[in-house]
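Have the viewer open and follow along.

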Amino acid sequence: MDQLDLIRQILDALPPLEHPRGARLPLYLWALRGMPASDDTTARELLREADARGLAFLAVWDHENLPTSLDEALRLGRLQQELGLSIGADAIKPLYSFCDGSPATAHVDEQGEPFFDRSHSAERPIGCPFALDHRYPEIARRIHTFAEAYREAELPLGFVFSDWEIDGPLEWNNAWDHIRRCRRCRAELGDVEDFRHVQRTLRSIRADMQRQCYAEPILQRFPKALVGNYAVYAHAGMRYWYDYFEQFNPELPHVWDQQEPSRPWAHEYPATGYTFGMPVLYTWYRTFDWYDYAVTDYHWFYNMLKVASSAGQQKPAGHTLITFVHHTLTDPPHEGAEPHVVPMSSWAYRELLWHALLRGHDALFSWSPDDVAVHEAILAHQVYAESLAYTGFLQSGQPFAYQVPATPGTIVSAVRLEDKFLVRRTDFGETGEPFMLDVGDSSIAVPQKPGGCQILDLP
């Protein structure tokens, strides 16, 4: 599909906002990356239409086509500045790859032979975590080049994200076997049999790479910018989901929740220097088979609410959560598994997004392939647009309800602003009884209100 046609379809499918956006961040959509049109007149009109719907376009940085990419990025930035819009960018391409497949980045066995870990991706050879520092200057130079161009053009970058994942030190899949085989890793790590030690060290290196080569080059020039990366955020020490390139390895530490093998996760976010965290709320295909709930929506909702609650509760003061979200089932399914997998309903997905917002998430970034981009945009936009009616609570209030019931039932999220409470109640199953929400020494009865938030007073 032509990109301009897709943009037009999305804008036509979404109504203008009924409530002012104020200081709230926009809704980010994967499809709205790059210059919206080749001529400035059309681009300016599309930017206005997107802004009326609470959407923002992002420039795409591409170091391999630097002159063209810089020209387009700065042209988009100038139009956004002219219209009083925030300026943002996609910095995915410049961060790839520290592990470029060169012999200098490889693991080394006892015989001095180089080798790579290809258990995460056949196309992306993961090398030795202690043989990558010579790649830092090249990656950092790319980010410096783009950031400096914005500074010289007096275009204040407000938001930069990346999707840097299958690169650098990784501990999942068969990585531990490769590390134990590498003589350099054994020398640097000492006790390679202690997985927690290995994981902490790898994630520390990974955080340092992101800080030096990505966050600092931008924040040195634009200290107020929001800078972050996919799947890097503060959390409670466990990871409840597996990315598409990650496979369950029973040799690695894990904790069973029904058939969900939760994994211990090192705290990478604090050392990155990032100013926003980016949790991931996706309907990963394998999630459905982890649970035996009769309520099929709860297979998805339970897992993603655990992720949302951990990220929201652990969000550092003054930081922001911009959450990657996805609804449709598009990742490759297990062979023969399709008939029994019931997709998450649109209703449950919207409820999940509401509970994320009431548990401390600040903004949404909807990822989608082009063929479902309109569907994904409609669902995320419905929640985003309606949430603007409660901006006072969401920006100034304090979330305090993070319960995740292990069985389908009543889910309540709440934000307190002085003695008033913004509350969302979602029921999985039949129940008409009030839910008693504890608030210190008091409690609030939260009645059912299908499909809506409630503002309640402290008794």
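**Salt bridges, helices and a sheet**

The structure holds 31 salt bridges. Keep in mind that this is a predicted model.

The axes of α2 (residues 40-52) and α3 come within 10 Å and cross at roughly 55 degrees. As for handedness, α2 passes α3 in a right-handed crossing. On the α2 side, the contact is made by Asp40, Ala43, Arg44 and Leu47, and on the α3 side by Arg75, Leu76, Leu79, Gln80 and Glu82. Sort those residues by class and you get four nonpolar, one polar and four charged.

Now stay on α3 and look at another of its partners. Helix α3 (residues 66-82) packs with helix α4 (residues 136-152) at an angle of about 40 degrees, their axes 11 Å apart. That makes α3 oblique to α4. Here too the crossing is right-handed, with α3 passing α4. What does the contact look like up close? From α3 come Leu66, Ser69, Leu70, Ala73 and Leu74, and they meet Thr145, Phe146, Ala149 and Tyr150 in α4. By class, this contact has seven nonpolar and two polar residues, with no charged ones.

Three strands form an open sheet in the order β8-β10-β9, and the pairing is antiparallel. The edge strands are β8 (238-239) and β9 (255-257), each of which pairs on one side only. Between β8 and strand β10 (residues 260-264), which run antiparallel, there are two bridges. To find your place in that pairing, look for methionine 238, which stands opposite proline 264 in β10.

Two more things are worth a look around here. Arginine 239 forms a salt bridge with glutamate 246, and the closest N and O atoms are 3.0 Å apart. Then there's helix α8 (residues 296-314), which lies across β9 and β10 and runs at about 10 degrees to β10.

Notes. Residues are numbered from 1 along each chain as its sequence is written. This is a predicted model: local features need pLDDT of at least 70, side-chain atom pairs count only at pLDDT 80 or more; totals for chains, interfaces and linings use all residues. Side-chain values use heavy atoms; hydrogens and water are left out. Axes are lines fitted to C-alpha atoms, for helices over the stretch in contact, and angles run from 0 to 180 degrees between N-to-C directions. Helices (H or I, at least four residues) and strands (E, at least two) are DSSP runs, numbered from the N terminus. Angles under 35 degrees count as roughly parallel, over 145 as roughly antiparallel, 65 to 115 as roughly perpendicular and the rest as oblique. A crossing is left-handed if the near helix is turned anticlockwise from the far one by less than a right angle, and right-handed if clockwise. Contact means heavy atoms within 4.5 Å. Ala, Val, Leu, Ile, Met, Phe, Trp, Tyr, Cys and Pro count as nonpolar, Asp, Glu, Lys and Arg as charged, and the others, Gly among them, as polar. Two strands pair if DSSP finds at least two bridges between them. A salt bridge is a side-chain nitrogen of Lys or Arg within 4 Å of a carboxyl oxygen of Asp or Glu.
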